[in-house]
Amino acid sequence: MIRQFALPTWGSKMTEFITAILTSLSSGAIYALMALAIVLVWRSTRVINFAQAGQAVLTTYIGYTVIQRTGSYWLALVVAVISGAIIGAVIDRFFMRPIFKRVKSGPIVMIAPVVATLGLLGIIQAIIGFIWGLTNQSIEAPVSTGGYKVMGKVIAFSSYNLLVLVAVAIAMLLLTILFQRTNIGLALRASAYSPEIARLSGIKVDAVRTLGWAIAGASGGLAGMLYIPGYFLYPNAMDLLLVFGFVAAVIGGLESLFGAVAGAMILGFAINFSTTYISQKLFFPTAFIVLVLVLLIKPSGLFAAKKSRGA
Amino acid sequence: MTLIVEGLTIDHGAIRAINNVSFKVPQGQLAAIIGANGAGKTTLLRTLSGLKDATSGSASWNGVSILGKRAEDLARSGIMHVSDGKSVIAELSVKDNLALTGLWQKDKKAVTEATNEVIELFPILGQRLSQSAGSLSGGERQMLAIGRALIARPKLLLLDEPSLGLAPLIVEQIFQTIKSFVKKMDLTVVLVEQNAMGALKIADEGIVLNLGSVVAVDSAEKLLNDPAVRSAYLGF
């Protein structure tokens, strides 16, 4: 179904085009945070962490409670990110590590940890239900969600969308510095690429892995606090975002942080452009059309890490 | 400081990889463990460096048991294992690979010094610092892996097949380099090799493994001249 325009002018077409770009960027930015959370855990632990949707929504509920008590979104944002990191670390240290210790060989090695994260997702969502109930809550955005006016027309891009973009850009910058410029970043990368060599070099890979889970949890916490103000808060509120983050991560090759962000942006653009120019109904299918196309053309993802030459 | 292995037995699932193996390597000595593919050499080294659990027996370094300890803790205590297959991280630069063993050392000046010494020992690494380790040749990778271990200032070096897959000329060069820095740094070395000839030539002592058991222990020189060892492992 193609949208009908009553004699569209260049101006309105242009506005629509620019709006589509901006909304693509801001939704892509949120997918990127989820994709990063998934890639960070995958790199360090070789597990797709389905519990991430639960972790992120739990931290958003914590943020919600902070807002209820103090009225400050910003304080809530900080608390959510920090508690996301703590929850991530705790899950790895007291849940995943014992599972890995017990499950050592056979086909169950690949499956057990992933199934465990699925179980954990259910448990976290149930706990949320017990504490906060199952009804929809909402978090008010800290800045205006009213669209900017461009050439006399209100577009679907607001101060809040801008905030999301800036926040995610800052988060990416910090992550890049951490990974590329610090010793901790080198330990994180080495442990991800080759746990055995890292270990033989004296790096405490288990601790580094827990740190990876913490960073992933923080990223998910940020995603929740940025995503929920446009929607409602309920125990399953982040499930769809997890799927999109997962798709973005796979498009990006699952290994690369840059790939996760690029995959998320590709997804953001594909979804926003297909819904703007073709049909609103394409919101969900587009993600999977892109996924299948990428897997057909380049199964290892678009930005899979370069392999070494020869052996 | 002596490496003492006594009655060590290691299982690979249902398969006995190492059976009741005993040997000693005194401080400053280079012991070559030779034997055919599947003799259990690599398994033995992986156990000594904490990557694999032993089934029974004991192993100690400097009077302290090293079994059941974590690989990263053993590495920090001066037992460095250079695993086979050119153990470098291909995705990281040469510089970052070398930096790994310096990350946890408190004395950063000593790390810089050790790094400079390694680059002096393997000048080619100095020219390739910003290149990815994956772009190096096999010999260069082996130098990088050894260099990384040396930066940790190890006391006991466990080398697994440094000659694997290298051209004969490079093998010769690697063995000679090993011999030179071992003496200079007063290292104790366990060198596991299929290239028995090359290994015995630079070793003080040789240990011959066959199907997980020690079949001969003697000075490297004697083993080189032992007709039985020559026909079985040296091929002439």
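**Note on a predicted model with chains A and B**

1. Start with Lys153(A). It counts as partly exposed because 13 C-beta neighbours lie inside 10 Å. (A residue is buried with 20 or more other C-beta atoms within 10 Å of its own, exposed with 12 or fewer, and partly exposed in between; C-beta atoms are placed from the backbone.) Lys153(A) sits in strand β2 (residues 153–158) of chain A. Helices (H or I, at least four residues) and strands (E, at least two) are DSSP runs, numbered from the N terminus. Leaving out residues up to four places away in sequence, Lys153(A) touches Ser12(A) and Thr15(A). Contact here is C-beta atoms, placed from the backbone, within 7 Å. Arg46(A) is 107 residues from Lys153(A) along the chain, and their C-alpha atoms are 48 Å apart.

2. A word on the source. This is a predicted model: local features need pLDDT of at least 70, side-chain atom pairs count only at pLDDT 80 or more, and totals for chains, interfaces and linings use all residues. Residues are numbered from 1 along each chain as its sequence is written, while chains are lettered from A and ligands numbered from 1 in the order in which they are written.

3. Next, helix α11 (residues 283–297) of chain A. Its 15 residues reach 22 Å from first C-alpha to last, close to the expected 21 Å. (The expected span is 1.5 Å times one less than the number of residues.) Thr286(A), Ala287(A), Val290(A) and Val294(A) are buried. They share one side of α11(A), because they cover an arc of only 100° around the axis. (The arc is that of the directions from the helix axis to the C-beta atoms.) Pro285(A), Phe288(A), Val292(A) and Leu296(A) are exposed on the other side. The cover over the buried residues includes α9 (239–251) and α10 (257–277) of chain A.

4. Now the largest nonpolar core, which has 173 residues. (Such a core is a set of buried Ala, Val, Leu, Ile, Met, Phe, Trp, Tyr and Cys residues joined through C-beta atoms within 7 Å.) Ala32(A), Ala35(A), Ala248(A) and Leu267(A) touch the most other members. Helix α1 (residues 10–45) of chain A gives the largest share, 16 residues. Beyond its neighbours within four places in sequence, Leu267(A) has contacts including Tyr31(A), Phe244(A), Ala287(A) and Val290(A).

5. Chain B has ten helices and ten strands. Of its 236 residues, 49% count as buried. Its C-alpha atoms fill a box of roughly 45 × 40 × 35 Å along the principal axes. Among contacts in chain B with a separation of 6 or more, 68% join residues 24 or more positions apart.

6. Which of its residues are buried? They include Ile174(B), Phe175(B), Ile178(B) and Val182(B). These lie on the same side of α7(B), because their arc is only 95°. On the other side, Leu169(B), Gln176(B), Ser180(B), Lys183(B) and Lys184(B) are exposed. The buried residues pack against β3 (30–34), α6, β8 (188–193) and α8 (196–202) of chain B. Just after α7(B), Asp186(B) takes a positive phi of about 55°.

7. Last, where the chains meet. The contact takes 26 residues from chain B and 21 residues from chain A. On the side of chain B that touches chain A, α2 (71–76), α3 (94–99) and α6 (138–151) of chain B each supply at least two residues. The most come from α2(B), with four residues.

Methods: Contact = placed C-beta atoms within 7 Å.
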